[in-house]
Amino acid sequence: MDQMNPKTAMSLRLRNGRHLGYAEGGDPGGAPVLYFHGFPGSRLEATFFPVPGVRLIGIDRPGYGLSSPDRHRRLVDWADDIAEFADRMELPRFGVIGLSGGAPYGAMVAHALGERVSALALVCGLGPPDAPGMTAGRLKLLGSVGQSRLARFGLSQLARRLIHSDRAMTRLKRVRDRIPRAGADIDLMRGGLESAMLANWREGLSRSSLGISTDARIYGEEWPFDPSVIAVPTTIWHGRADTIVPVSIGEFYAKAMPEAEVHFPENEGHFSVVVNGLEHIAAFLARHAEDTA
């Protein structure tokens, strides 16, 4: 990942005056795919790896990276932002990847802008608050914090301070190393992904903590639609060894969308399922872009 590359630090001004930050990766001549980052995260995730066949456009949600904060935003508002973004980028049709905390936003766009979305990929994603697993473990804590304005403020401020402190991150890594994780995830982090992810998180929280604060609230709010009504071609990827987002949420999506192409690899974790499945995911999105060209 090259953060000095101008294609990683672009910004588009919306009609309401807010800005959306975005970055481009993948194949410039490939099918356009909008990438919705994790929690926390930033547009930079779209530039981590070479992706054949798709032009990957990562977009900062409001309050992350280069995107203006919007403390009152709702899940449905993301579809409005993306419709205007796609218009301004001259993208009549596009694919969508919703990764982890970006999955609810991917599902929202696929539902609301279905005629413009050629295909959807939900990867190790969070789901609606009633999905099995959304009220367990650390996601239960996130949901509880998200519904308290004071707790959200405290969490977001603390997270921003910690993530920009090298000393704090070193201590946090020691604690995290004692938490059971998929072996494939551990290998990836030792292989250099950890430093890239830290840079990504720091960029996401570089200017504001309102991105994670607002996301935390939205994750606990009832969705304005049921995933079963999503009509675009969909692929679902979720590692069964994921210790961050339980695979039960991926299974929930698969049950709600029985026509989706599903992949639940046994030994993949939260990060490894992305890295090891990305080429297949890109091929799925590119294929459906060609089908609708």
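Rings of Phe, Tyr and Trp (its six-membered ring) pair if their centres lie within 6.5 Å; planes under 30 degrees apart count as stacked, over 60 as edge-to-face and the rest as tilted. With that in mind, look for Trp223, Phe225, Phe252 and Tyr253, which form one aromatic cluster.

A word on what you are viewing: this is a predicted model, in which local features need pLDDT of at least 70 and side-chain atom pairs count only at pLDDT 80 or more, while totals for chains, interfaces and linings use all residues. Residues are numbered from 1 along each chain as its sequence is written, and side-chain values use heavy atoms, with hydrogens and water left out.

Let us stay with the rings. The structure holds 8 aromatic pairs. One of them joins Tyr22 and Phe85 edge-to-face, at 5.2 Å centre to centre with 80° between the planes. Tyr22 lies in strand E2 (residues 19–26) and Phe85 in helix H1, so this pair ties together parts that are 63 residues apart in sequence. Helices (H or I, at least four residues) and strands (E, at least two) are DSSP runs, numbered from the N terminus. Tyr22 and Phe85 are both buried, where buried means under 20% relative accessible area, exposed over 50% and partly exposed in between (1.4 Å probe, protein chains only).

Another edge-to-face pair is made by Trp78 and Tyr105, with 6.0 Å centre to centre and 80° between the planes. Here helix H1 supplies Trp78 and helix H2 supplies Tyr105, 27 residues apart. Trp78 counts as buried because its relative accessible area is 3%, and Tyr105 is buried at 0%.

Now turn to helix H7 (residues 210–219). Because 9 of its 10 residues are buried, H7 is largely enclosed by the rest of the structure. The cover over these buried residues includes helices H1 (75–88), H2 (103–112), H3 and H4 (149–163), with contact meaning heavy atoms within 4.5 Å. Helix H3 (residues 137–146) contains Ser144, which is partly exposed because its relative accessibility is 48%. Ser144 and Gly220 are 76 residues apart in sequence, and their C-alpha atoms are 8.0 Å apart in space.

Finally, find strand E3 (residues 31–36), which is largely enclosed by the rest of the structure, because 5 of its 6 residues are buried. E3 runs parallel to strand E4 (residues 54–59), joined by 6 bridges, and parallel to strand E5 (residues 94–99), joined by 4 bridges; two strands pair if DSSP finds at least two bridges between them. Phe36 has Ile59 as its bridge partner in E4 and Gly98 as its bridge partner in E5.
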